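Thanks, everyone. Please have a look at the model on the screen, and then I'll walk you through a few spots.

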Amino acid sequence: MDSTPVNWEALDALVIDFAKSEKLIEDSFSSSPPPPPSSSMSSSSYQSRLIIWRIRRSLEAGDIDTAMDLLRSHAPFILDDHRLLFRLHKQKFIELLRKGTVEDRDSAIACLRTALAPCALDAYPEAYVEFKHVLLAFIYDKDDQTSPVADEWSERKRFDIAGLMSSVLRAHLHAYDPVFSMTLRYLISIHKVYCFRQGIVSPISDLTQRLLLEERDPPATPHESLYEAPPFDEVDIQALAHAVELTRQGAIDSLRFSKGDLFLAFQNELCTMSLDVSMLDELVCEYCVYRGIVDSSLASTSASDMQTVSEPKVNQPEPGCCSSRNCSLEVDSGSNKHSDGETSINNTHMDASPENNADVSSRQGVDVELRYACEPTRNHEDCSTSGLHQPENPRVLQRHRTHGTGERSKRKRWRGRHDDQDLIYGVPFDLCSKQELSTTTLFSSTYISNEQEGPGRPSMLDISSREDKYDIVLWMKELASKGMAAEVVEEVNAMDPNFFVQNPMLLFQLKQVEFLKLVSSGDNSSALRVACSHLGPLAARDPALLKPLKETLLALLQPNEDALGKGLPLHAFSTSLQVAIGRRLGIEEPRLMKIMKATLFTHNEWFKLQMCKDRFESHLKIDSLKEVNTPLLAAAAMSNSNADSSALGSSQVTISSSTKISEDGNSPTQASSRDVVCDENAILKVMEFLALPRADAIHLLAQYNGNAEMVIQQIFA
């Protein structure tokens, strides 16, 4: 499966917004201790999400009284809705019976008399029937799977009511997840549907299956007064139904609940999809470290600092195990401390400078932070996968350290999901789940084994410190993003003279940057020397580069100061360079990058099949993620790829090609000898009557000259 260019600056902004909204990051070097959680909740949305989380956990645990107390304090309107109140009382009745004591059985009878029965009279038409049915729980045991009330006894009911309350509270409190979280849900769901419909095996299925769970919260049902709402536009109904995989009636109910607001209904439904939060945090942290948003040393040492201070229990893995799951630390995050430039490891204080630590690292044979996460038993067994340490390149390290000192101070510290829930609400929390994001988890995927690299590693791999590797990669990225191509070539050649031999495309693009920079400054003679010495020979060896070379030379005809800015997407190119240099240093591309490339590609392909524009892509910032201006560099990097076809369709008319190319490359099937203009109303009519996806409706219409009535008659004939 191909990938699509991504606007990494836009993704950075979405990820940073997500991390800030969830309080996952904080300033890296702060003179004052972090504020207590109660004062750090500046966002009302964040606080509301914590409240919903607490109510949800109480309901899932069967603690209905605690949940109702929280509802009285924070969302009393829920208890004013007798439909929801009846369900809470019914679940409380079951939970009291489940305990099995005589006292709890008496409490269950009292609940029936004082709460459940009165509420059943005016909750909703079927409530009294449900009330009489649940009385059978007195007779049938909870372990009897054949009883007529086996469903009432099921603990699944807890999760259903918890999900329902979460959906209602989320909408009423406007406690929606950050945009990035919703965007991921949407893109992955489309990716899964596209791969299924096309019979394609997803290259990221191992990630998407774990990240986006199959479970969904029940949708919030509209109040009875909203059932008389005016009819909704069929365009909105079909758009919502197919965007979040609802039935037509489900889409209508969702629109009723949102009082006809399509985007609010879409947001409500999207947030019912379940994400694995711990995995999402892991992916975001990995991405933030890679992009220089979070300091790699601070992300990796935070767990070390907390363990040294609080000395919590540690899971004991098998000897030599470097599994991210087994090396997770159980920590008391309330004891988190950090001092600038210093990390406490095994009660040994070490200076963060790689020069001062060289003798310690050589004795232990392992990077300190990486070894610490893999060595809970405090032995000195080497867990690294980078092989023996080689002498470091002093020239390169001296330059990047001078640069990195100032840049690192601008980065954030990864805070993670601290105990806000515990400290605010006093909820027992699984300690092991707090520090899912151990150092090994963050960086285990970033190191390539010595066997993969083979013997005779180039000097670029002589750098042993993980922080040095990350700083070098980020330094090269920054130079490239500023258009300092000559400096990048010089520094990379100093580290590894063979790098550009193996990556000629990157060298061509760097020389494009250098050429356009010289043209913009008016130095045409130097620009021509660059073209003759580098661009020409590179294009001669790769004919695919001839076209971008010609387009680059056109800048000589129309010189202007903006030639570099308009002609080259420096941020996109700098990211490509970062990925290539990172891999050379043993740092793999973060998994979040792979997810975004694959899902944005399938998003494009899916809406080509639908022959319309995605109505929700602007709402979720998907359009900004695709805004990559690549007139010249893309021509070089994508010279062997087909250009994206123009967007098809409009809000009223869709043009359907009469010829459809089969996916397996066989000969096309032709519906007619000309293109068919399909009226939007005809498309919607076929979709509604036949319950078909948009693309299938359009192809059917193409076979019958756009006549919806004829299509329906033929299907039912």
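First, a term. Helices here are DSSP runs of H or I, at least four residues, numbered from the N terminus. This is a predicted model, so to speak of local features we need pLDDT of at least 70, and side-chain atom pairs count only at pLDDT 80 or more, while totals for chains, interfaces and linings use all residues. Residues are numbered from 1 along each chain as its sequence is written, and side-chain values use heavy atoms, with hydrogens and water left out.

Confidence next. pLDDT is the predictor's confidence in each residue, from 0 to 100. The protein averages 74, and 66% of the residues score at least 70. Over residues 421-458 the pLDDT is below 50.

Now two backbone spots. Most residues other than glycine have a negative phi. Lys-621 has a positive one, near 65°. Lys-621 sits in the loop between helix 33 (591-610) and helix 34 (622-625). Glu-245 is also positive, with phi near 55°. Its loop runs between helix 13 (234-243) and helix 14 (248-257).

Last, a helix pair. Helix 6 (residues 82-99) and helix 10 (residues 156-172) have axes, lines fitted to C-alpha atoms over the stretch in contact, that come within 11 Å and cross at roughly 150°. On a scale from 0 to 180 degrees between N-to-C directions, that makes the two helices roughly antiparallel, the word for angles over 145. Contact means heavy atoms within 4.5 Å. Helix 6 contributes residues including Leu-84, Leu-88 and Arg-98. Helix 10 brings Ile-161 and Met-165, among others.

How values were computed. Parallel < 35°, antiparallel > 145°, perpendicular 65-115°, else oblique.
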